[in-house]
Amino acid sequence: NAGVTQTPKFQVLKTGQSMTLQCAQDMNHNSMYWYRQDPGMGLRLIYYSASEGTTDKGEVPNGYNVSRLNKREFSLRLESAAPSQTSVYFCASSPNTSGPKETQYFGPGTRLLVL
Amino acid sequence: AQSVTQPDIHITVSEGASLELRCNYSYGATPYLFWYVQSPGQGLQLLLKYFSGDTLVQGIKGFEAEFKRSQSSFNLRKPSVHWSDAAEYFCAVGARYDYKLSFGAGTTVTVRA
């Protein structure tokens with residue numbers, strides 16, 4: 001099992017460009033999450049999908065959109081990138097069979113630089 | 001809404017010495033509490049979690065944490081640190097009726113020989 005995979009690993013964008021970050025999990029998990037990590041601020045939740053077919057905003061959703069393509073895949077889209085979106089983005093998944101106390105499993109991250 | 005404070009941004013410890021990382025949470029009811037570790041360039045890995053029962057929780061890599069309701073704390077400890085424990089450590093809190101986690105800002109641990 002690969003666990004949670006993310007592509008790309010690193011990306012440089014110019015202000016105003018768009019891009020999609022891809023995330024896939026092979027653990028048959030129901031819930032998936034997108035976080036951003038900034039120095040001194042820990043991880044902040046952007047969007048999450050509690051189950052296939054549903055998505056909800058997290059703490060910092062502005063400037064982002066998400067798609068739960070199927071049970072395995074959860075993508076994050078930046079329609080018009082801004083320098084403030086320079087960050088490390090993590091995707092995570094959890095089984096969602098016994099509630100919020102479940103472990104979240106994280107991917108290796110995508111480093112995004114917006115110039 | 002729940003929140004987490006990790007008061008120490010950076011801790012340096014000698015190899016073989018003990019380590020304690022502090023975590024204080026804010027939540028109106030009994031929370032779910034987690035400690036994650038992030039090695040350089042890697043994603044986060046769960047060390048341990050608490051959701052009920054015994055307030056002293058054992059985790060992987062020799063770590064343990066104690067839930068103290070009266071102090072709203074969930075401090076992480078390790079009796080003897082190894083060089084491989086150099087990493088960033090995150091405390092997180094979850095609510096019982098919400099799938100979202102709130103993470104602290106993290107504590108970076110440096111291990112000196």
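At 44% relative accessibility, K61(B) counts as partly exposed, a class that lies between buried (under 20% relative accessible area) and exposed (over 50%), computed with a 1.4 Å probe on protein chains only. The model is predicted, so local features need pLDDT of at least 70 and side-chain atom pairs count only at pLDDT 80 or more, while totals for chains, interfaces and linings use all residues. Residues are numbered from 1 along each chain as its sequence is written, chains are lettered from A and ligands numbered from 1 in the order in which they are written, and side-chain values use heavy atoms, with hydrogens and water left out.

K61(B) lies in the loop between β7 (56-58) and β8 of chain B; strands are DSSP runs of E with at least two residues, helices are runs of H or I with at least four, and both are numbered from the N terminus. The phi of K61(B) is near 60°, a positive value in a residue other than glycine. N28(A) is found in the loop between β3 (19-25) and β4 (31-38) of chain A, and its relative accessibility of 56% makes it exposed. Most residues other than glycine have a negative phi, and most peptide bonds are trans. The peptide bond from T7(A) to P8(A), in contrast, is cis, with omega near -5°. P8(A) belongs to the loop between β1 (4-7) and β2 (10-13) of chain A.

Another loop residue is W83(B), located between β9 and β10 of chain B. W83(B) counts as exposed because its relative accessibility is 58%. Leaving aside residues up to four places away in sequence, W83(B) touches E15(B) and V111(B), where contact means heavy atoms within 4.5 Å.

The interior comes next. In soluble globular proteins, nonpolar side chains tend to be buried together. A nonpolar core is here a set of buried Ala, Val, Leu, Ile, Met, Phe, Trp, Tyr and Cys residues joined through side-chain atoms within 4.5 Å. The largest such core has 26 residues, and W35(B), L48(B), L76(B) and Y89(B) have the most contacts inside it. Strands of chain B that each supply at least two residues of this core include β2 (10-14), β5 (32-38), β9 (73-78) and β12 (107-112). The greatest share comes from β10(B), with 4 residues. A second, separate core of 20 residues includes V4(A), L13(A), L21(A) and W34(A).

The two chains also meet each other: 23 residues of chain B are in contact with 23 residues of chain A. The area buried between them is about 1800 Å², of which carbon and sulfur atoms give 61%; this is the accessible area (1.4 Å probe) that two parts lose on being put together, summed over both. In chain B, Y99(B), K100(B) and F103(B) lose the most area to chain A, together 35% of what that side buries.

Between the chains, the count of salt bridges is 0, a salt bridge being a side-chain nitrogen of Lys or Arg within 4 Å of a carboxyl oxygen of Asp or Glu. On the side of chain B that touches chain A, β5, β6, β10 and β11 (101-103) each supply at least two residues. Among the strands, β5(B) gives the most to that side, with 4 residues.
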